[in-house]
Amino acid sequence: MQIFTKKASKTLCQIALFPLLLNPLFGHTSSDGAKVICTSPQASLNKAGVKQDVIALMSMDEVLPDCTQHVTQAKIKNVAYSESGISLQSMNFKWHETDTTVLTNIGENAALTIDEIRSASQFIQVGKSYLMHFQLCQGATPSLISMYTLGNVGLNTKKSKVKVTTKSLKSV
């Protein structure tokens with residue numbers, strides 16, 4: 001027996017969650033300017049349906065004045081996903097000889113689309129090194145601000161099959 005239609009259930013959930021989104025005291029603080037930066041200025045999928053490589057996550061949380069900011073290069077040791085399995089909730093790496101867990105804020109960010117959430121979650125991989133900017137606030141879990149890939153990830157390194165000769169250049 002179905003009490004509500006799917007559409008009615010979705011609307012009720014939106015109405016119930018609306019006050020929580022308005023009041024920052026109920027939720028984790030996140031940045032409205034969060035961005036998933038890809039190898040192309042387009043979205044994570046281009047018009048041909050080819051997936052672009054994510055090279056950075058920016059403004060994943062707002063920088064708070066009473067917190068300390070840290071930048072480090074580290075290799076991801078392990079990750080934890082949300083209950084739904086869609087977004088990567090936290091990551092763990094060694095920082096100052098200590099295992100450190102940092103919240104990614106990927107699923108918490110209203111500025112990101114579902115495709116961006118998936119791309120951002122796939123960007124962070126165990127065993128890869130990244131340049132990370134995160135903050136430590138007293139009494140809270142460290143929180144990711146920005147994260148960048150190292151190296152030439154996503155850049156097309158294949159040689160072109162077109163041969164250019166001086167003869168073909170003169171005819172142009």
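Helices (H or I, at least four residues) and strands (E, at least two) are DSSP runs, numbered from the N terminus.

I am working on a predicted model, where local features need pLDDT of at least 70, side-chain atom pairs count only at pLDDT 80 or more, and totals for chains, interfaces and linings use all residues. I number residues from 1 along each chain as its sequence is written, and side-chain values use heavy atoms, with hydrogens and water left out.

**Aromatic pairs**

I paired rings of Phe, Tyr and Trp (its six-membered ring) if their centres lie within 6.5 Å; planes under 30 degrees apart count as stacked, over 60 as edge-to-face and the rest as tilted. I get 3 aromatic pairs. The ring centres of F93 and F134 are 5.8 Å apart with planes at 70°, so I log this pair as edge-to-face. F93 sits in strand 4 and F134 in strand 6, so the pair ties together parts 41 residues apart in sequence. F93 is buried, at 0% relative accessible area. F134 is buried too, with a relative accessible area of 0%.

F123 and Y130 also pair edge-to-face, at 5.1 Å centre to centre and 70° between the planes. Both F123 and Y130 are buried. I also note one aromatic cluster, formed by F93, W95 and F134.

Note on methods: Buried means under 20% relative accessible area, exposed over 50%, partly exposed in between (1.4 Å probe, protein chains only).
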